[in-house]
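Here is a short briefing on one protein chain. Keep the structure open while you read.

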Amino acid sequence: MKRNLLAMILTALLVLALFPMAAGAENPPKGPENAVKTINFTMEGAGGLTVLYGEQSTVVTGTQALGGVPADAEVTIKWNDLPADTYLQNLSVGGEEVTEEEAASYTFNMGSFEGDQVAVKAVFGKYEMAKVDVAFDESKGYLHILENGRWGGVVADEGSIEEPAGTYTFRADPADGCGLAGVRVNGQPVAVREEEDGYFFEAELTDGGSIEVIFAELARVSVRIEGEGTIQMYENGKWEGVMPGENTIEVLAGGTYTFRAYPAGQGMPIVLAVVNDKPVMAEKQEDGGYEFTVENIQDGDSIGAAFVTIDIGVLKTDEKTGISYLLPGTSIIAGSNITPDSWLEIAPLSGGASYGAAKAAASNYGTVFTAYGITLMNGTGAYQPNVPVMLKFPLPEGYSKNAADIHLLHIASDGSVEELEFGIGQDDAGAYYLETQVNGFSTFVIVDSSQQTGGASGGTTDADKAPKTGDAENVTLLIILAAVSAGMIGCASRRLKSRKAR
């Protein structure tokens, strides 16, 4: 009996040695190397998370426990696949908030937390969505929107975009041969900044709003400069020089552009602005430039400026009457018959046949008048010019300073009467003057229609009520036209950037 018991004991020991799993060895105590933990998820709002560790990927859409996660695992939580109207408002891991602005995921190590439980709480919110109408010509340019740090294209054919309400950055890219003419948000123009890789603007998206991006084809415009001077163009809120070296600029077809011509020579500058080979009025500005505007500019148009610098000594003044004049000789206008020794012989009229003719002509406008006899002279005698001559008459004392009250008449040698266009201005000493240009000389009459004989009238200048030729420089624009009509020389260029699709 003892032998049988001993044999049974030995057999049992042998079995335990050879087959340990039979004794329950399949569940040995877990050591640090194979410990696991549980992640307890709490979810608020409609949203979901993707949990990644090792080769495992689990989608969590509600409050639940995720067990069997290795205690030393690197765990990544992602929320970038949320619906367009949903966002992660708050994420906390182990009781600590870890949400980062514009982030799409968060990674942590399970070993960083004590115990075998890690709490994760996610709170989701809903965006207020904005559907916004979008309009642009996709054949002339492209539009992009910046979302979550990435640029996305806007499709013109869809006619609208739907995004969470808020402020967004957009980028407009003109196609080759086109430029950006403007941007309107909710019907109002917005500021656009030009950078190396496109045109950028901000827009606040609200439901029912609109965005209109206006692309336009570029027009090639030739630029010509004669004489010493430069041209600047006003664009994007600033003046930029038209760069020398080529003879064209590129601007937006159909647009309105303002230019300024700046003379560089010494002496009295005269500036002639030309658009499509026709002279236009250029108004002198405080900075010394002469400004003119071109509307509805088109491909193939041309602009230019001719600069003529006149020695101030050429402008002469009659000492007895104070009348100043400019006699343009051949140095100013090719073909002029005015000789270098020429002068104007000027005499006030107070009687005789010429005075009688002046009185009769003035009676159509008033009874207060001043008359002068003026003759062009040189060493051989009196003659008439074949080019226009500038005259500058002092406004007689006591006469109205309202240009609508003043009439300037020229009585030709054949007795015909012409009412001349003039400009009224004020010199540095405060004295008023009339300026005009004439093609011949005889009798000139200044009439003040605001008063009768023996009276006097003051008043303020109202140049808009009478014909006007401009200041002393612009009076002679037509004088120098003949000098440049054969074709202006010189080259200048400035280009708007033309961009490719991105």
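In which loop is N186 found? N186 sits in the loop between β15 (178–185) and β16 (188–189). Strands are DSSP runs of E with at least two residues, helices are runs of H or I with at least four, and both are numbered from the N terminus.

This is a predicted model, in which local features need pLDDT of at least 70 and side-chain atom pairs count only at pLDDT 80 or more, while totals for chains, interfaces and linings use all residues. Residues are numbered from 1 along each chain as its sequence is written, and side-chain values use heavy atoms, with hydrogens and water left out.

**Positive phi in loops**

- Most residues other than glycine have a negative phi.
- N186 is not a glycine, yet its phi is positive, about 55°.
- N186 counts as partly exposed because its relative accessibility is 41%; buried means under 20% relative accessible area, exposed means over 50%, and partly exposed lies in between (1.4 Å probe, protein chains only).
- D277 is another residue other than glycine with a positive phi, near 70°.
- D277 lies in the loop between β24 (268–275) and β25 (278–280).
- With a relative accessible area of 63%, D277 is exposed.

**A hairpin**

- Strands β11 (residues 141–147) and β12 (residues 150–154) run antiparallel and are joined by five bridges; two strands pair if DSSP finds at least two bridges between them.
- E147 faces R150 in β12.
- Two residues separate β11 and β12 in this hairpin, and N148 in the turn has a positive phi of about 50°.

**An open sheet**

- Strands of a sheet pair through backbone hydrogen bonds, either parallel or antiparallel.
- Five strands form an open sheet in the order β21-β20-β23-β27-β26, with antiparallel pairing.
- β21 (238–241) and β26 (283–284) stand at the edges with a single partner strand each, so one side of each has no neighbour in the sheet.
- Four bridges link β20 (residues 229–235) to β21 in the antiparallel sense.
- Y234 stands opposite W239 in β21.

**V294 in β27**

- V294 belongs to strand β27 (residues 290–294).
- V294 counts as buried because its relative accessibility is 5%.
- Y257 is 37 residues from V294 along the chain, but their C-alpha atoms are separated by 5.4 Å.
- Leaving out residues up to four places away in sequence, V294 touches G255, T256, Y257, F259, V275 and I303; contact means heavy atoms within 4.5 Å.

**Nonpolar cores**

- The largest nonpolar core has 29 residues, of which L344, I374, L391, F393 and F441 touch the most other members. Such a core is a set of buried Ala, Val, Leu, Ile, Met, Phe, Trp, Tyr and Cys residues joined through side-chain atoms within 4.5 Å.
- At least two residues of this core come from each of β31 (343–348), β32 (368–378), β34 (389–394), β35 (406–411), β38 (432–438) and β39.
- β32 gives the largest share of this core, four residues.
- Another core lies apart from this one, with 26 residues, including L218, V221, A273 and I303.

- Q451 is in the loop between β39 (443–448) and α3 (472–475).
- Q451 counts as buried, because its relative accessibility is 6%.
- The side chains of Q451 and D448 make a polar contact (2.5 Å). A polar contact is a pair of N or O atoms within 3.5 Å; within protein, one must be able to donate a hydrogen and the other to accept it, and residues adjacent in sequence count only if both atoms are side-chain atoms.
- A polar atom of the Q451 side chain also lies 3.3 Å from the backbone oxygen of G398.
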